[in-house]
Amino acid sequence: MTPLEFDAHHLWHPYTSVTAPGPTHMAVRTEGVRIYLEDGTAMIDAMSSWWSAIHGHNHPAIIGAVKAQLDQMPHVMFGGLTHPPAVELGQRLLAMLPEGLTRIFYCDSGSVAVEVAMKMAVQYQHSIGQTGRSRFASIRSGYHGDTWKAMSVCDPVTGMHHIFKGALSVQHFVDTPPIAFWQDWVEDPAANGLASLAACLETHGSEIAALILEPVVQGAGGMYFYHPEYLNAARALCNAHGVLLIFDEIATGFGRTGKAFATDHTQITPDIICLGKAITGGTMSFAATVASDNVAEGIGGAEPGVFMHGPTFMGNPLACAAAGASLALLQEGDWQAQVARIEAQMAAELAPARDLPGVADVRVLGAIGVIEMDHTVSAAQAHPISKELGVWLRPFGRNIYTMPPFVTEPDDLSRITGAMVHLAGVL
């Protein structure tokens, strides 16, 4: 049995069927923006390996930090102990985050960061005497992860987890913000989507601990970019009803939208923010949930007096070292110019796709480029074509999209956009 045959018979990949797993390529090496396959094929990683490898692969600064930490201390429990990589990473995070987010809880993955945020919100509400607040509100077409509570705030109808609807906690869902990022904002609540949110909070506010949403960009729910003014107004509505505001920035954090955080497109700050994916530059799984002093001190000021969560590998020194090095590259580099260049080039080179039959929309924000089709596209069909074109793309739903590494050079970016337009014409 060859390695690929063993894989097909025994290894279960994300969102695949063991009875019809689809094509799988054997990756053996990564370098820069490329993934190298066993047969010698080199593919440009147009996905940043699920949106995480913003500096490209095998960046020497990140690899060097991990190797140095490996010699010192690969892991130590975070209960009752701390270590320099955790402290240094925390200092870098606070220097980048919006003012007011000050209490950092290190997590294992993005989904866990959402779980932690939701636990924080419920425990905070209970700590201040609001024991009836244990549910959540969210906007439709959202996605927040694959773990149990995170699934409950993904769209229950169109989301990937609708099959579990009867087993999950029942949450409150409001209309997707209808005004797109570039459209003119209108003040009419019936037209801007805020009437739906206001009605939900008015009716159910006494049982809602927090509103959780992806700010500005809905990622796996459809790659939809909506108007930041919705978030400014949502903050005021949450304040009026005693509801916390959680921003899930796992996909958008660390420069992806052209700002350090999607929050920076607004004039407000959430009570809790979830970070992941690009935090380590795509080298290993790691995440963080960051809360305000108000939330953290509210939790600490009442029984049981501690936040009830503590993963075994919380604050892993290797992951903290990788994340610290990744953030240093952002803080010391010129990622804003890189993302602006990528945005302008993608906007120009994806525009011809608008004239193709079957294309519903083309949109670009920061280092995110999307061709939305009017029908579902097949990742399984796209994979062999991607290999042939030398560009790794993984469409989902109706979207052919890219989130390239920030270090992608213009010639490679042209190959990415060309491959996307090609796929739009054949899928």
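## Briefing: pocket, core and loops

The largest share of the lining of the second largest pocket, five residues, comes from strand β4. This is a predicted model: local features need pLDDT of at least 70, side-chain atom pairs count only at pLDDT 80 or more, and totals for chains, interfaces and linings use all residues. Residues are numbered from 1 along each chain as its sequence is written, and side-chain values use heavy atoms, with hydrogens and water left out. Helices (H or I, at least four residues) and strands (E, at least two) are DSSP runs, numbered from the N terminus.

**The second largest pocket**

- The second largest pocket has a volume of about 430 Å³.
- Its lining holds 19 residues, and Arg103, Ile104, Phe105, Met120 and Met314 are the closest to its centre.
- A pocket is found on a 1 Å grid over the protein atoms alone: it is an open set of points where a 1.4 Å probe fits, with protein on both sides within 12 Å along at least five of seven lines.
- Lining residues have an atom within 4 Å of a point.
- Grid points are joined across faces, edges and corners, and the volume is the space filled by probe spheres set on the points.
- α4 (84–96), β4 (101–107) and α10 (293–300) each supply at least two lining residues.
- By class, the lining has 13 nonpolar, five polar and one charged residues.
- Here Ala, Val, Leu, Ile, Met, Phe, Trp, Tyr, Cys and Pro count as nonpolar, Asp, Glu, Lys and Arg as charged, and the others, Gly among them, as polar.

**Helix α10**

- The buried residues of α10 are Val295, Gly298 and Ile299.
- These residues cover an arc of only 95 degrees around the axis, which puts them on the same side of α10.
- The arc is that of the directions from the helix axis to the C-beta atoms.
- Buried means under 20% relative accessible area, exposed over 50%, and partly exposed in between (1.4 Å probe, protein chains only).
- The buried residues of α10 pack against α5, β10 (244–248), β11 (272–275) and β12 (287–292).

**Nonpolar cores**

- The largest nonpolar core has 119 residues, of which Tyr230, Phe254 and Ile371 touch the most other members.
- Helix α5 (residues 110–127) gives the largest share of this core, nine residues.
- Apart from this core lies another, of five residues, among them Ile62, Val66, Leu318 and Ala325.
- A nonpolar core is a set of buried Ala, Val, Leu, Ile, Met, Phe, Trp, Tyr and Cys residues joined through side-chain atoms within 4.5 Å.
- In soluble globular proteins, nonpolar side chains tend to be buried together.

**Ile371 and Val421**

- Contact means heavy atoms within 4.5 Å.
- Leaving aside neighbours within four places in sequence, Ile371 is in contact with residues including Leu350, Asp361, Arg398, Met420 and Val421.
- Val421 is found in helix α14 (residues 410–426).
- Val421 counts as partly exposed, at 21% relative accessibility.
- Not counting residues up to four places away in sequence, Val421 touches Glu349, Leu350, Ala353, Leu356 and Ile371.

**The loop between β10 and β11**

- Arg256 lies in the loop between β10 and β11.
- Arg256 is buried, with a relative accessible area of 1%.
- Beyond residues up to four places away in sequence, Arg256 touches residues including Ser48, Trp51, Val339, Met403 and Phe406.
- His265 is also found in the loop between β10 and β11.
- His265 counts as buried, at 16% relative accessibility.
- With residues up to four places away in sequence not counted, His265 touches Phe181, Val216, Pro228, Thr257 and Lys259.

**Backbone points to check by eye**

- Most residues other than glycine have a negative phi, and most peptide bonds are trans.
- A cis peptide bond joins Glu303 and Pro304, with omega about 5 degrees.
- Pro304 is in the loop between α10 and α11 (317–332).
- Tyr15 has a positive phi, near 50 degrees.
- Tyr15 lies in the loop between α1 (3–10) and β1 (27–31), and is partly exposed at 47%.
- Lys277 has a positive phi of about 45 degrees although it is not a glycine.
- Lys277 sits in the loop between β11 and β12, and is partly exposed at 29%.
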